Every structure is written in C-alpha cells, then in structure tokens.
Amino acid sequence: AFSHLAQIHPELTAFRRDLHANPELGFEEKYTAARVAEALRLCGVDEIHQGIGKTGVVGVIRGKKHASGRMIGLRADMDALPITEQGNCSWKSGKQGLMHACGHDGHTAMLVGAARYLAETRNFDGSAVLIFQPGEEGYAGAREMIQDGLFEQFPVESVYAMHNWPAMRQGTIGINSGAMMASADRIQINVTGKGGHAPHPHQTHHPALASAHLITAIQSIVSRNVRAIDAAVVSICAVQSGDLGAFSVTPGSATLVGTVRTFNPDVQNLVERRLGELCQAVGLAFGVTAQLQYERSYPATINTPDEALFAGDVAAELVGEAQVVRNMDPSMGAEDFSFMLQHKPGAYLRLG
C-alpha cells in the first residue's frame with residue numbers, strides 16, 4: 001500500500017494545493033465538489049453522486065468480491081473558514097478572507113487518495129462509500145447529507161472519519177472507544193434594564209452591572225454544580241452594551257454570547273437549566289430581565305467500542321502499535337461527524 005501510494009503522492013499533493021488555493025465556505029463548495037467528482041472519475045470509481053446535502057459528493061467502489069453485501073463509509077469534510085491567510089506559499093489562498101485553516105483540503109485529498117488506491121486494487125469484499133461532506137464548520141453539513149437520504153441511499157454498516165491533529169507527533173494516530181469531541185452549544189443572554197443619565201443611577205437599572213454579576217455567577221456552574229469527574233466548559237466570549245463614545249450614559253440593554261461544551265447529555269441538561277435559573281435570579285436581584293437563548297448546535301462525537309478497536313487495529317497494521325494512541329484524551333472542540341455517529345456505528349481518528 002505504501003509503495004502504491006508513494007507513486008501517486010505528487011499528484012495528491014498538487015490536488016491538495018489546488019484546493020488550498022481555492023477555499024470555499026460551507027455549501028459553497030462548487031469548485032471543490034467539481035474537482036472531487038473529476039478526480040473520482042479519473043480514479044475509476046463505480047458510482048459518483050453529486051448534490052447530496054447541497055454540495056456533497058459520494059463515490060462508490062465495489063470490491064473484487066461483493067457477495068457479502070458489506071458496505072463501509074469513509075468521510076472527509078471539504079469546507080474552508082472565513083480567515084485571512086498570512087503565509088506566502090505559492091499555493092496560498094487566492095480568495096481574500098477565506099482559508100483552509102482547519103486542514104479540510106488535506107482531508108479531501110486523503111480520501112481521494114484512498115479512492116484511487118481502492119479503485120485500482122479492489123482487494124476487499126463489499127463496497128466502499130466515500131463521503132465528501134460540505135459545511136462542517138458550523139453549517140451541520142453532515143446532518144444535511146443525512147436528511148437528504150445519505151444512509152438510505154448508501155446503507156453503510158459503519159462510518160469512519162479522520163482529522164489532522166498538529167498537537168500529536170507526525171506519523172501517530174489517536175483514538176479512543178468513547179467520546180472524542182464535545183457537543184457545541186451556543187448561548188445568548190439578552191439583558192434588558194432601564195437606561196438613563198449615569199450621574200442619576202437611582203433612576204436606572206444598569207444592564208452592564210447585572211451582566212457583570214451574571215458572568216461571575218455563571219463561572220460557578222462547572223465548579224459547583226457539575227460533578228468533578230464530568231467535563232464541561234461554559235464560556236462567555238463576547239459582551240456588548242452601550243456606546244464607547246457615551247461615557248455618561250447608562251445603556252438600556254446588554255447582550256452576552258458564549259458557548260457550552262459537554263460530553264454527557266445529562267450534564268448538558270444540567271448546564272442549560274442552571275443557566276436559566278441564574279439568569280432569572282440575577283435579573284430579579286438587579287431589577288432587569290435576563291433572557292437566555294440556548295441553541296444546541298453539534299452533539300458530542302462518540303466512538304462505538306467495536307469500531308474504535310477495529311480502526312485502531314488497522315492503524316497499528318499501517319504504522320505499528322507503538323505509534324497508535326488508543327486512549328486519546330477527548331477534545332472540548334466539536335465536530336458534525338457526530339450526526340453520522342448518531343445514526344451509524346463508527347469511529348473518529350486523529351492523525352498526527
């Protein structure tokens with residue numbers, strides 16, 4: 001396999017760099033999807049399906065034998081981020097303000113490489129389903145593909161994904177048999193008070209003051225309500241209130257925005273409940289209203305034990321057992337591959 005892939009490595013490098021130079025945001029991956037479909041055709045895959053989940057692409061490769069009827073899914077994400085690239089490489093992003101800063105160009109190239117290898121060798125019994133997914137970066141493209149009939153049209157028995165992980169040594173692979181990524185929830189708290197002239201504070205109900213106490217009180221949720229052996233993050237990441245040019249005007253409102261990260265649905269429910277209770281209590285204490293909007297974005301990414309063991313065994317065959325971390329610490333980041341793992345057994349791996 002390594003000698004086979006070494007021969008096509010320059011082509012895959014050129015392909016990856018082309019994607020990097022032409023980044024596209026979620027559900028705008030028209031160029032990327034077209035390049036993937038063209039590459040799959042050149043690879044000689046048996047089926048190419050475009051437009052699944054708006055801009056998603058699916059390829060199917062049948063093995064030398066397919067009497068077993070088995071079907072395995074391999075997924076790569078394709079979208080970029082709204083980030084300005086600072087580097088000066090010759091394949092630097094050609095679009096101002098857009099960049100493949102999370103390595104999805106690499107993931108896509110890796111799966112195209114897998115497609116070429118599998119299509120040329122076909123040393124397996126069953127079918128490989130290659131899922132090129134749009135919109136991972138906050139657009140829930142995995143959910144969009146599922147709602148568009150992905151698993152009805154391609155009833156895979158399990159599904160696998162891999163993400164680059166610069167924190168790991170090159171050539172190592174990380175996995176565990178449970179939670180790999182946290183759920184990602186968005187919170188917004190709208191604080192409404194009574195504005196007025198700052199020298200007359202008795203005539204106002206200061207929303208920024210209430211917000212300050214609320215931010216402090218929110219820090220108690222993880223430290224005092226969540227069990228010490230359970231993981232959770234509650235962060236207020238942005239606050240807006242008043243006009244910086246109006247130093248003597250008490251504003252009438254404030255807005256707080258942040259995120260909640262958990263692995264366990266019970267902990268997630270607890271955090272949401274406590275946030276609501278603190279908003280109500282602090283609002284009452286300071287004579288303002290604090291309204292919580294809690295949006296559940298991505299669920300936790302939970303590997304299934306059998307598939308995690310299998311993926312780890314395959315990784316060990318490729319790079320050696322010493323290079324495989326089978327008890328990798330989960331990340332509090334989030335990933336919409338979680339939606340696929342809610343429907344199918346599977347595993348999510350890290351590539352150093």
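Trainee: Hi! Is Met180 buried or exposed?

Mentor: In this predicted model, Met180 is buried, because its relative accessible area is 1% and the cut-off for buried is under 20%.

Trainee: Okay, and where does Met180 sit?

Mentor: Met180 belongs to strand 7, which covers residues 179-181.

Trainee: Which residues does Met180 touch, leaving out those up to four places away in sequence?

Mentor: Among them are Gly174, Ile175, Thr301, Met328 and Tyr348. Arg350 is also one of its contacts.

Trainee: Arg350, got it. What stands opposite Arg350 in strand 16?

Mentor: That would be His163. The two strands there, strand 5 and strand 16 (residues 346-351), run parallel and are joined by six bridges.

Trainee: Which sense does strand 5 take when pairing with strand 3, parallel or antiparallel?

Mentor: Parallel, over four bridges, with strand 3 spanning residues 71-77. Leu74 stands opposite Tyr160 of strand 5.

Trainee: Why is strand 5 described as largely enclosed by the rest of the structure?

Mentor: Because five of the seven residues in strand 5 (residues 158-164) are buried.

Trainee: Switching to helices! At what angle do helix 2 and helix 3 pack?

Mentor: About 20°, and their axes are 9 Å apart. That angle makes helix 2 roughly parallel to helix 3, and the crossing is right-handed.

Trainee: Which residues meet there?

Mentor: From helix 2 you have Val36, Ala39, Leu40 and Cys43, and from helix 3 Thr108, Val112, Ala115, Arg116 and Ala119.

Trainee: How many of those are nonpolar, polar and charged?

Mentor: The contact of helix 2 with helix 3 has seven nonpolar residues, one polar and one charged.

Key:
Residues are numbered from 1 along each chain as its sequence is written. This is a predicted model: local features need pLDDT of at least 70, side-chain atom pairs count only at pLDDT 80 or more; totals for chains, interfaces and linings use all residues. Side-chain values use heavy atoms; hydrogens and water are left out. Buried means under 20% relative accessible area, exposed over 50%, partly exposed in between (1.4 Å probe, protein chains only). Contact means heavy atoms within 4.5 Å. Two strands pair if DSSP finds at least two bridges between them. Axes are lines fitted to C-alpha atoms, for helices over the stretch in contact, and angles run from 0 to 180 degrees between N-to-C directions. Angles under 35 degrees count as roughly parallel, over 145 as roughly antiparallel, 65 to 115 as roughly perpendicular and the rest as oblique. A crossing is left-handed if the near helix is turned anticlockwise from the far one by less than a right angle, and right-handed if clockwise. Ala, Val, Leu, Ile, Met, Phe, Trp, Tyr, Cys and Pro count as nonpolar, Asp, Glu, Lys and Arg as charged, and the others, Gly among them, as polar.
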